[in-house]
Amino acid sequence: MAEKKRDFLDDLIDIQSDFQALQNPFGDIADSLAADPSQRKVFNPADYKEKPFANSNRCLRTASGREDVCSRCIDVCPVDAITIHKQSVIIGEDCRKCGLCAAACPTETISTRRHMPRQVYDQIARVASAYEQCYVTCTRALKRLPKGNEVVLGCVGAISRDLWFSLMADYDNISVYLPVGICDRCKTTTGEEFYCDAIGTAEEWAQAGLGLVADESEMTHEYTREYKRSQFMSSAVTSAERLLTRTNPALAGAKAVANKISAHATRLDQLQRTLEGAVGAKTSSNRQRMLTQNRKLVMGALQHDEGLAKFIDLKVPVCDASKCTMCGECAKVCTTRALDLDVHGHITIQSSYCVSCEACAKVCEDGALAMEPMDVRELIVPDKAAEEVRRKKAQAKAEAQKYIEQGKKQLSRAADALESLSGDDASAKKK
């Protein structure tokens, strides 16, 4: 990120910060001593962990009744706490609450209430927007109450590949804080390999690198230049305006960040509505399609950087109609309803809803379905509002050009008329 040139306002902000520190040099210590010990918050790893729950209707194995279609959650669980029996996905009491199963599940069968992909995105984006650096870490690495720019999870592996990609595509100041040896001694034995694969793939897709900090002394906790300027300008406004912000200038910066996160959420929701309007929210059999949160975040990142599509490697099923017997097993196992088999036996696949799980190809006994590379540009949903603005601008430009050409012709005719008059005058004088 290019360093922005300092100006007079930055100098004023530094002077204000230094003055406030001189006014109350022992403020933090005094507040700590004055606080009620019984009310003082202490670090508790359980506050950052949550046992996941399962929506069995989304599970590929329960939909197909076969064990070979998917075992991602079972494979990644470090304590074998997940059991899939008939139509039920069961998470046992020995669950470590690491979140790896939720990040590994392509159909988002397993999730948590406080750590859904969009919630985690918003949490990290909020920090990355306000601070110069955002650190994602785990409870074992930090072992203390987190500071404002530290996001604590049960395991860094709780963030999926798609979520990492969307974060790296939108922000370049996110790092992972993990001291050397933390993962080696962790009982979540599958976490390190999982997050390394997820981050590695996301870096290739986003064409960006994720920072890694192993020494706590290297961490910084400064607000961004934009955030500090928002705070300063808020403190300089009139008393009436300060009253609206409850006399707290920090609210101005926080409000700006909140507006940014809200705008991102609005864009994602609009993207889904546009997609549903284009391909339909339901299949031919009136079954509701499901756009996963991870896929929606990926599509959101591609909306403002379409060039990244060429770096993303995804596959979708392709049907060989000559081999298809229209048994319907592929449509049955597709819990996101990306694959549709209509009454005429035609198979269609909506790439935006397909999560590349390969379950449909695995259940196809006739070999009619095969996974082939996706044209990721299909995930870029046209922004109708933006297109309408561009269309109107082009129309206005065309009309302006038309008037310019008409003006030129009129001027040319006027020039010809003047030249003709001038010629007549000359002839008259000769006579």
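Two residues are in contact when heavy atoms of one lie within 4.5 Å of heavy atoms of the other. Keep that cut-off in mind as you work through these exercises on a predicted model.

**Exercise 1. Find which residues glutamate 108 touches, leaving out those up to four places away in sequence.**

Step 1: Locate the residue. Glutamate 108 sits in the loop that runs between helix H5 (100-104) and strand S4 (110-111).

Step 2: Apply the contact cut-off. Beyond its sequence neighbours up to four places away, glutamate 108 touches Arg58, Pro117, Thr292, Gln293 and Asn294.

Step 3: Look at the charge. Glutamate 108 is buried but has no salt bridge, and the nearest side chain of opposite charge, arginine 58, is 4.5 Å away. A salt bridge needs a nitrogen-oxygen distance within 4 Å.

Step 4: Follow two of the partners. Gln293 and Asn294 are among the buried residues of H13.

**Exercise 2. Decide whether helices H13 and H8 are enclosed or open, using their buried residues.**

Step 1: Recall the cut-off: a residue is buried when its relative accessible area is under 20%.

Step 2: Take H13 (residues 293-303). Here 10 of the 11 residues are buried, so the helix is largely enclosed by the rest of the structure. Among the buried ones are Leu297, Val298 and Met299, as well as the charged Arg295 and Lys296.

Step 3: Take H8 (residues 161-170). In this helix 8 of the 10 residues are buried, so H8 too is largely enclosed by the rest of the structure. Its buried residues include Trp164, Phe165 and Leu167.

Step 4: Ask what does the covering. The cover over the buried residues of H8 includes helix H6 (117-130), strand S5 (134-138), strand S7 (174-177), H9 and H13.

**Exercise 3. Find how many residues apart glutamate 365 and arginine 66 are in the chain.**

Step 1: Confirm the pairing. Glutamate 365 and arginine 66 form a salt bridge, with the closest N and O atoms 3.0 Å apart.

Step 2: Read off the positions. Glutamate 365 belongs to the loop between helix H15 (359-363) and strand S12 (369-373), and arginine 66 to the loop between helix H3 (60-64) and helix H4 (72-76); they are 299 residues apart, and the pair links distant parts of the chain.

Step 3: Glutamate 365 is exposed, with a relative accessible area of 66%, and arginine 66 is partly exposed at 23%.

Step 4: Widen the view. Arg66, Asp68 and Glu365 are linked in a network of salt bridges, and the structure holds 10 salt bridges.

Step 5: Arginine 61 forms a salt bridge with glutamate 67, their closest N and O atoms being 4.0 Å apart. Arginine 61 is buried, with a relative accessible area of 10%, while glutamate 67 counts as exposed at 64%.

**Exercise 4. Say what stands out about the phi of lysine 143.**

Step 1: Begin with the general rule. Most residues other than glycine have a negative phi.

Step 2: Check the residue. Lysine 143 is not a glycine, yet its phi is positive, at about 60°.

Step 3: Lysine 143 is in the loop between helix H7 (139-142) and strand S6 (150-153), and counts as exposed with 58% relative accessibility.

Step 4: Look at a second case. Glutamine 207, also not a glycine, has a positive phi near 55°, and is found in the loop between H9 and strand S8 (211-213).

Technical notes:
Residues are numbered from 1 along each chain as its sequence is written. This is a predicted model: local features need pLDDT of at least 70, side-chain atom pairs count only at pLDDT 80 or more; totals for chains, interfaces and linings use all residues. Side-chain values use heavy atoms; hydrogens and water are left out. Buried means under 20% relative accessible area, exposed over 50%, partly exposed in between (1.4 Å probe, protein chains only). Helices (H or I, at least four residues) and strands (E, at least two) are DSSP runs, numbered from the N terminus.
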